[in-house]
There are 2 protein chains.
Amino acid sequence: MGKYAFGVDIGGTTVKLGLFEEAGSLLRKWEIPTRTENGGAKILPDVAQSIHKIMAEESIFKEEVLGAGVGTPGLVDENGVVSTAVNLGWDVINIPQVLGSLLEVPVKAVNDANAAAFGEMWQGGGKGCKNMVAVTLGTGVGGGIIINGQILTGAVGAGGEIGHIHVEDNEEEVCGCGCKGCLEQYASATGIARLAKKYLTHTDKPSVLRNRNQVTAKDVFDGVKINDELSMEIAKAFGEYLGKGLAIVAAVSNPQVFVIGGGVSKAGEVLFEYIRPAYDKYTFASLRSARLTLAQLGNDAGIYGAAGLFLAK
Amino acid sequence: MGKYAFGVDIGGTTVKLGLFEEAGSLLRKWEIPTRTENGGAKILPDVAQSIHKIMAEESIFKEEVLGAGVGTPGLVDENGVVSTAVNLGWDVINIPQVLGSLLEVPVKAVNDANAAAFGEMWQGGGKGCKNMVAVTLGTGVGGGIIINGQILTGAVGAGGEIGHIHVEDNEEEVCGCGCKGCLEQYASATGIARLAKKYLTHTDKPSVLRNRNQVTAKDVFDGVKINDELSMEIAKAFGEYLGKGLAIVAAVSNPQVFVIGGGVSKAGEVLFEYIRPAYDKYTFASLRSARLTLAQLGNDAGIYGAAGLFLAK
């Protein structure tokens, strides 16, 4: 009799779910809407109902389910208690208790960025590594750190918040977190667009980026691919900040590999040509063996990592 | 029948040793010279002989010894294999294997800064905390990070090297590690003396620090205690760098407490008046609950931590 686990990735608009068999294969995946009204009171009951429905369809008994892992926004402590998941409407909620009593199977919960990192370690770009840093370059810069095969949660669940590492003393705009000069202000999709705007304003160098309403991170790396000089300068500034930030993370956590994901990473390995020189400049020799690689699981990283809480060996 | 553990802290000139009983009390401590000649071939045999002698004196049988923990300079991987411990003359050496076969008891080995950090968590300034960062402000800046009660070793044993976090873009002098702008260049005893020299040269403000051959970190904090204005400016620069560095470490590892030790920490809690404002400035709200506290075990932190590898619950 095979065993199963469920992976649940709760987002602000949809909940992604996956059914995995014991060896790690994703058997099926699906989504349900996230109902955030009434303080998010329906979210976990909806998840439970959806999992029960799939179990019925697949003729899976609860005795065959090793557990359900959950990735969620917000600060999640080592017991799976979530706080400050503002987007979901939740106050403080103990996910293993609440969802566990609905499902009658073991439940674990971690932060969504940490779940994605764990997924990439288990079945993605970091497969085979026990010391890994996942970096998600999306609207913001998210992070998840794996130490000796375990998620670095930290005292209040704020471990791995590498988007808020200070990398620039001369910044006047305030980051979403309230500080100035955070990595996220330069290395996220938004940050790259901001750098582009600055470079376009402060030089009059001709560029394919000119005469557009809005320049995106994708435009910049498309420009890099056709050797547009200004695009390459912007990419260099991005790489300098991100390389410096990763070097700092390396001095703290000494990973084997950095797994780079999120929308910006769709530019591909060309990113590394800009990150690597800065990383090497800001690290001492022993840290330079760390590899840079692309994330492989895309939007499924969260469900993989959540299920992996029960399945990863 | 009580059980015992030994803690061994190998330094460049002496090896400190301690005999601990199971509940964590240090029963006796002693030192032997570190014989670094012949590639350090005598170091572990000397340690074994010394431990055997104490066991004979105290009538302790090897069946009563839970283990011997070792803290050593150099990079130490998760299996206790040391590399690049240049000061000791060693090439690559597997301490648990070599010392274990001499002692016929279990042996574990970790980096010396990590051993000291673990000691402070077990019986010192971080007692009761499972997520802690130890910072040693000595000739250099050392660090040890404890995550969920475990030492953060990292891929090659370079975890917790927080002295080499980049905190200053405008630095021209090269750090011992080969980079420029490392935390160690401003927050170590040497770094503070360097800051003092810079401030004394670049202003003509009167100060108790003037007209000395050499200004030390101690002089600066002695000056602070009598409200010498220039000393306070230097302390502020030191605090800005260290607070920024600790804020960065916090965004990665989210500790409950920073335990500050090393020679500079003898200045006492006045240090925190300079570190705290900068720390708060560079951290987002959830990280500000972290405490700053002084190390309590002094030079014994290493033997405590090494023995704690077998005794800490």
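Author: This is a predicted model, in which local features need pLDDT of at least 70, side-chain atom pairs count only at pLDDT 80 or more, and totals for chains, interfaces and linings use all residues. The largest cavity is lined by His166(A), Val167(A), Glu168(A), Asp169(A), Lys244(A) and Ile248(A), together with His166(B), Val167(B), Glu168(B), Asp169(B), Lys244(B) and Ile248(B). A cavity is a set of points on a 1 Å grid over the protein atoms alone where a 1.4 Å probe fits but cannot get out, and lining residues have an atom within 4 Å of a point.

Reader: Which elements give two or more residues to that lining?

Author: They are helix H8 (229-253) of chain A together with helix H8 (229-253) of chain B. Helices are DSSP runs (H or I, at least four residues) and strands likewise (E, at least two), numbered from the N terminus.

Reader: What volume does the largest cavity have, and how does its lining divide by class?

Author: The volume is about 70 Å³, taken as the space filled by probe spheres set on the grid points, which are joined across faces, edges and corners. The lining has four nonpolar, two polar and six charged residues. Here Ala, Val, Leu, Ile, Met, Phe, Trp, Tyr, Cys and Pro count as nonpolar, Asp, Glu, Lys and Arg as charged, and the others, Gly among them, as polar.

Reader: How many cavities of 30 Å³ or more are there?

Author: A search of the whole structure finds one.

Reader: Turning to helix packing, at what angle do H4(A) and H10(A) cross?

Author: The axes of H4 (residues 112-123) and H10 (residues 301-311) of chain A cross at roughly 75 degrees and come within 6 Å. Axes are lines fitted to C-alpha atoms, for helices over the stretch in contact, and angles run from 0 to 180 degrees between N-to-C directions. H4(A) and H10(A) are therefore roughly perpendicular (65 to 115 degrees).

Reader: Which residues meet there?

Author: Among them are Phe118(A) and Trp122(A) in H4(A), and Tyr304(A) and Leu309(A) in H10(A); contact means heavy atoms within 4.5 Å. The residues of this contact divide into ten nonpolar, five polar and one charged.

Reader: And what about H7(A) and H9(A)?

Author: The axes of H7(A) (residues 217-225) and H9(A) (residues 270-282) come within 10 Å and cross at roughly 90 degrees. That makes H7(A) roughly perpendicular to H9(A). Phe221(A), Val224(A) and Lys225(A) in H7(A) meet Val270(A), Leu271(A) and Tyr274(A) in H9(A). Five of these residues are nonpolar, none polar and one charged.

Reader: In chain B, which residues join H6(B) to H7(B) in contact?

Author: Ala189(B), Ile192(B) and Ala196(B) in H6(B) meet Ala217(B), Val220(B) and Phe221(B) in H7(B). This contact has six nonpolar, no polar and no charged residues.

Reader: A change of topic: what is the phi of Glu104(A)?

Author: Phi of Glu104(A) is near 60 degrees, a positive value in a residue other than glycine. Most residues other than glycine have a negative phi. Glu104(A) sits in the loop between helix H3 (95-103) and strand E8 (107-111) of chain A.

Reader: Is Glu104(A) buried or exposed?

Author: Glu104(A) is exposed, at 53% relative accessibility; exposed means over 50% relative accessible area (1.4 Å probe, protein chains only).

Reader: Where is Asn227(B) found?

Author: Asn227(B) is in the loop between helix H7 (217-225) and H8 of chain B. Asn227(B) has a positive phi of about 60 degrees and is exposed, with a relative accessible area of 58%.

Reader: How are residues numbered?

Author: Residues are numbered from 1 along each chain as its sequence is written, chains are lettered from A in the order in which they are written, and side-chain values use heavy atoms, with hydrogens and water left out.

Key:
Angles under 35 degrees count as roughly parallel, over 145 as roughly antiparallel, 65 to 115 as roughly perpendicular and the rest as oblique. On a 1 Å grid over the protein atoms alone, a cavity is a set of points where a 1.4 Å probe fits but cannot get out, and a pocket is an open set with protein on both sides within 12 Å along at least five of seven lines; lining residues have an atom within 4 Å of a point. Buried means under 20% relative accessible area, exposed over 50%, partly exposed in between (1.4 Å probe, protein chains only).
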